[in-house]
Amino acid sequence: YQRRVRENELQQQWLPVMFVFSLLNKLLSIYRAIRSFIQGLWCCFIFIIVSIVSPSTSPNIQALGQYIALYSYPVELHQVKTKDGYLLVLFRIPRGKPKENESEERTYRPAVLLMHGLLDSAFTWIVNGPEKSLAFILADQGYDVWLGNNRGTVYGNKHLYLEQTNEEFWRFSFDEMAKFDLPDTIDYVLRHTGQKKLSLIGHSEGTTQTFAALSETPELASRLYSFTALGPVASVGHTQNPFVRILAKYRLDILMSFLLREKSFMCFPVRSFSRLFLSILCRAFPFIVDDVVSMLCGKPERPFDISRELEWAQNEPGGTSLMNLRHWCQAVRAGVTFTKYDYGRRMNKRLYGQETVPVYDLQRIPKQLPKLLIYGTVDELVNPADLAFLVANISSIS
């Protein structure tokens, strides 16, 4: 009894302190929420300002190739013509650096295709140099490495008969990337190498278009040895990323379509005033890259190296269309599902034959195709609930 009385007296004594700590904790939570919101607005401001001043010109497609050659790797430039007329630059690293007592020529080098994520480009696979970049590592391991680019990026902004100033050019989302870009790129690589199959590695939206393509065209799996998904994304209804959720909740994607003069989003030529503007910003305020990446993906464990930040500003973001950005916002609002682009009831009826937006049937993806899904535990875009939905639909284990 005396012990309990003593404990109560101690609790009474420490109650003010506990109250203060509780109050400070709540204030800290509010501060973090406000800071995340301000960071989101800051990122939007940068995106919009740079997009407004960005000229709509073609990129220097040699830039990424020169970057690869800088590390003494062989590089080839190819061009994929999609069935709907887009011209996509495809980079190839046919082999790695020759080792001692090893001939440069080998009878067989298995082909591997790498597809980038949203607002990205093939640059993502070489940005960290030979020691840490997957493209270089695979080349040194004996693979024939191909780096793909989707439409709307700095390496995919040409068309057979449409100009960039034509709104029709930017009328696409990851639906078209799944229907045309990925299958046509795979076919090009197989025709050029003479191989019957290749290994496919995708990151973020690169996995999204692959899941969509395989669900719509299951026979595509017959051309793949395996599919490795880094940061796999299908459903994003549970994403915890504050920037993406705010963008979707308040329909800022629609607002941006009115503010931006073009229907492109962050598609800046490699050598342009916009790139120079971003480089100056990153040099003056190195935290910008950290803030942008944190808002889009989650806080990294450690800040980027300043040299990497400058290279990022000179080559990223890769760009996309506002329609594709809107598709992602629709996906957040849709919840735990994987749907095509929603044009509205009237246009859905015309294009899809039904008023409601169609759903990608992930269970149509062939179970026998080897699949490896890798996700980061602090990746705010890939929520465990969304990942569980994906795994449940594509796994060969019931």
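**Exercise 1. Decide whether S72 is buried or exposed, and describe its backbone.**

Step 1. Take the cut-offs: buried is under 20% relative accessible area, exposed is over 50%, and partly exposed lies in between (1.4 Å probe, protein chains only).
Step 2. S72 has a relative accessible area of 54%, so S72 is exposed.
Step 3. Helices (H or I, at least four residues) and strands (E, at least two) are DSSP runs, numbered from the N terminus.
Step 4. Most residues other than glycine have a negative phi. S72 is not a glycine, yet its phi is positive, about 70 degrees.

A note on the source: this is a predicted model, where local features need pLDDT of at least 70 and side-chain atom pairs count only at pLDDT 80 or more, while totals for chains, interfaces and linings use all residues. Residues are numbered from 1 along each chain as its sequence is written, and side-chain values use heavy atoms, with hydrogens and water left out.

**Exercise 2. Repeat the analysis for L119.**

Step 1. L119 sits in the loop between β3 (111-115) and α3 (129-132).
Step 2. Its phi is positive, about 55 degrees, although L119 is not a glycine.
Step 3. The relative accessible area of L119 is 14%, so L119 is buried.

**Exercise 3. Find what surrounds T320.**

Step 1. T320 belongs to strand β9 (residues 320-321).
Step 2. T320 is buried, at a relative accessible area of 2%.
Step 3. Count contacts as heavy atoms within 4.5 Å. Leaving aside neighbours within four places in sequence, T320 is in contact with residues including L118, L119, W170 and F265.
Step 4. The side chain of T320 also makes a polar contact with the side chain of N324, at 2.9 Å. A polar contact is a pair of N or O atoms within 3.5 Å; within protein, one must be able to donate a hydrogen and the other to accept it, and residues adjacent in sequence count only if both atoms are side-chain atoms.

**Exercise 4. Classify the ring pair F91 and Y155.**

Step 1. Rings of Phe, Tyr and Trp (its six-membered ring) pair if their centres lie within 6.5 Å; planes under 30 degrees apart are stacked, over 60 edge-to-face, the rest tilted.
Step 2. The whole structure holds 16 aromatic pairs.
Step 3. The centres of F91 and Y155 are 5.2 Å apart and their planes stand at 90 degrees, so the pair is edge-to-face.
Step 4. F91 is in strand β2 (residues 86-93) and Y155 in the loop between β4 (144-147) and β5 (158-159), 64 residues apart.
Step 5. Both F91 and Y155 are buried.
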